[in-house]
Amino acid sequence: MRIATYNLNNLFERPKVLELDGFSSEAKPILKAYYWLVNTVEKETYSESDKTQMLDYIKLYVEPKKRTEKYITINQVKGKLYSTYQGKLSIKASGRADWLGWIDLVKNEVNEVATQNTARVVQEVNADILCCVEVENRLALQNFNKYLLGEKYHYSMLIDGNDERGIDVGIYSQHVIVNIASHIFDTYIDDRGVKQEVFSRDCPVYSIKYNNQLIHIFCNHFKSQGYGSKEGNDKKRKRQAERVKEIIQERGFNLQTDFVVIAGDLNDSPENDPLQPLLAMPHLVNSVTLLGLENTGTYQGSKKQLDYLLISKALADRYIQGGIEKRGIYSVRGNKFDTVTSEINQASDHAAVWAEFNI
């Protein structure tokens, strides 16, 4: 049985802003504007300062001049949040009740060769169960499997999560999924007394039956290191790690006897504080430590490990071999597939992590 995790960087469509250089000085203000608009348009009444800020963001990213890029779309279904008359923009709505609609990020088609290279990584890893990070929806998983993987997987599943950008977590499996538990509704009260979602996307737990035994896969994509403050991001990731630990305990999993995997892009290095609630758990093993490699980096060409298969002792005792598939990443110095010739057509900026077990 081979289990893997891979951040696919979307399959067919990806928000244009996420194609900018990481979380660059250009990307951060766009995402800040997006989240501000999403939250502010829900207000019962828009203040004059709200309207002024809305206009600024609309001029920059929704209705920009021809020389600049459009990154945000405001879908106005009934009524108007804003309108243009004789070339002048103005806010028409006084509050949420005055218009019906929503806000999206503009999406681009993923480079065709990049999608093919993503498929090449998946085929090379050849996992029986694959946790898929940053996928736009279940139909994308289904079509990717049908048209690029030769219907390799019998089952594909994805539950729309809490991220409006369409970067969800899902799963491919050769074996039947007998139970799914989503955690998109898990919440907490933040320091300001505001209810917040724990998981940036979701933490689905998939129970898969193999040889009359159950394998429980937690698929995760923790809070990024990009948008927001370092302190706030670290605190969010630690809360997510603590919640995963709680779910393990609430479900009554025994890590010495049950086959449990915490998989996905946890967006932090193992030596840092946010992941310690998980990494310090007795009988939970970071699979890459079994590889005997000096460089266990999984992100770009660095030595940073952001992608994980944390395995229960029950699985670690049955470990055969594992690896980190980095050849889909474009790096001047690194070993890569001959079809990966630039950052534009690389499969992903993450490596796939895999491990094989005798079950």
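## Charged side chains

Lys and Arg are counted here as positive and Asp and Glu as negative, while His and the chain ends are left out of the count. On that basis the protein, which is a predicted model, carries 45 positive and 47 negative side chains. The centres of these two sets lie 3 Å apart.

## Overall form

The C-alpha trace spans about 70 × 50 × 35 Å along its principal axes. Its secondary structure consists of 7 helices and 20 strands.

Of the 359 residues, 53% are buried. The accessible surface amounts to about 17100 Å², and carbon and sulfur atoms account for 45% of this area. Among contacts with a separation of 6 or more, 70% are between residues 24 or more positions apart.

## Strand E15 and its partners

Strand E15 covers residues 213–221 and is mostly covered, with 7 of its 9 residues buried. Strand E15 pairs with strand E14 and is also joined to strand E16.

The pairing with E14 (residues 205–210) is antiparallel and comprises 6 bridges. Within this pairing, isoleucine 208 has isoleucine 215 of E15 as its bridge partner. E14 and E15 make a hairpin, with 2 residues between the strands. In the turn of this hairpin, asparagine 211 has a positive phi of about 50 degrees.

The pairing with E16 (residues 259–265) is parallel and comprises 7 bridges. Here isoleucine 217 has valine 261 of E16 as its bridge partner.

## Threonine 296

Threonine 296 sits in the loop between strand E17 (284–286) and strand E18 (307–312). Threonine 296 has a relative accessible area of 18%, so threonine 296 is buried.

Which residues is threonine 296 in contact with, leaving aside its neighbours within four places in sequence? They are Val288, Lys303, Gln305 and Ile324.

Note on methods:
Residues are numbered from 1 along each chain as its sequence is written. This is a predicted model: local features need pLDDT of at least 70, side-chain atom pairs count only at pLDDT 80 or more; totals for chains, interfaces and linings use all residues. Side-chain values use heavy atoms; hydrogens and water are left out. Helices (H or I, at least four residues) and strands (E, at least two) are DSSP runs, numbered from the N terminus. Buried means under 20% relative accessible area, exposed over 50%, partly exposed in between (1.4 Å probe, protein chains only). Contact means heavy atoms within 4.5 Å. Accessible areas come from the Shrake-Rupley method with a 1.4 Å probe; for residues, only the protein chains shown count as cover. The place of a charge is taken as NZ of Lys, CZ of Arg, CG of Asp or CD of Glu. Two strands pair if DSSP finds at least two bridges between them.
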